[in-house]
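Hello,

Here is the structure I promised to pass on to you. Please have a look at it first, and then read my notes below.

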Amino acid sequence: MAIPIKDKNYDLISVVYHAAQGSEICRQYIEDAQNEGDEALAQFFREVQEQNQRLVEKGKELLKKSY
């Protein structure tokens, strides 16, 4: 049985990873919305992508400070 590795850095790395993944997924969602002609939805996905990118950058800075 594996023992989960849990600490603040693990948690931070996990959040950064998932935010980066969400940002990448939004690229496809933006394209899908644009292909459907829904610019309002494409803009929403752009905003989500930007928020995720901000979280990634902030998380990376916090990681730098913890080492």
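This is a predicted model: local features need pLDDT of at least 70, side-chain atom pairs count only at pLDDT 80 or more; totals for chains, interfaces and linings use all residues.

Is Ser23 buried or exposed? Its relative accessible area is 1%, under the 20% cut-off, so Ser23 counts as buried. Gln49 has a relative accessibility of 14%, and therefore falls on the buried side of that 20% limit too. If you look at Gln49 from its own side, you will find that it touches Ser23, Cys26, Arg27 and Ile30, not counting residues up to four places away in sequence. Another pair to look for here is Ser23 and Glu50: they are 27 residues apart along the chain, and their C-alpha atoms are separated by 7.5 Å.

In general, nonpolar side chains of soluble globular proteins tend to be buried together. In this model, the largest nonpolar core has 5 residues: Leu12, Val16, Ala19, Val56 and Leu63. Both α1 (8–35) and α2 (39–66) supply at least two residues of this core, and α1 gives the most, with 3 residues.

**The chain as a whole**

Now for the wider view. The protein chain has 2 helices and 0 strands. Its radius of gyration is 15 Å, whereas the globule rule gives 11 Å for 67 residues; the chain is well over that value, so it is more spread out than a compact globule. Along the principal axes, the C-alpha atoms fill a box of roughly 45 × 30 × 10 Å.

How much of the chain is buried? Of the 67 residues, 25% count as such. The chain exposes about 5,300 Å², and carbon and sulfur atoms supply 58% of that area. Among contacts with a separation of 6 or more, 56% are between residues 24 or more positions apart.

Lastly, the charges: there are 9 positive and 12 negative ones in the protein chain, and their mean positions are 12 Å apart.

I hope you enjoy exploring it!

Best wishes

Conventions
Residues are numbered from 1 along each chain as its sequence is written. Side-chain values use heavy atoms; hydrogens and water are left out. Helices (H or I, at least four residues) and strands (E, at least two) are DSSP runs, numbered from the N terminus. The radius of gyration is taken over C-alpha atoms; the globule rule is 2.2 Å times the number of residues to the power 0.38. Buried means under 20% relative accessible area, exposed over 50%, partly exposed in between (1.4 Å probe, protein chains only). Contact means heavy atoms within 4.5 Å. Accessible areas come from the Shrake-Rupley method with a 1.4 Å probe; for residues, only the protein chains shown count as cover. Lys and Arg count as positive and Asp and Glu as negative; His and the chain ends are not counted. The place of a charge is taken as NZ of Lys, CZ of Arg, CG of Asp or CD of Glu. A nonpolar core is a set of buried Ala, Val, Leu, Ile, Met, Phe, Trp, Tyr and Cys residues joined through side-chain atoms within 4.5 Å.
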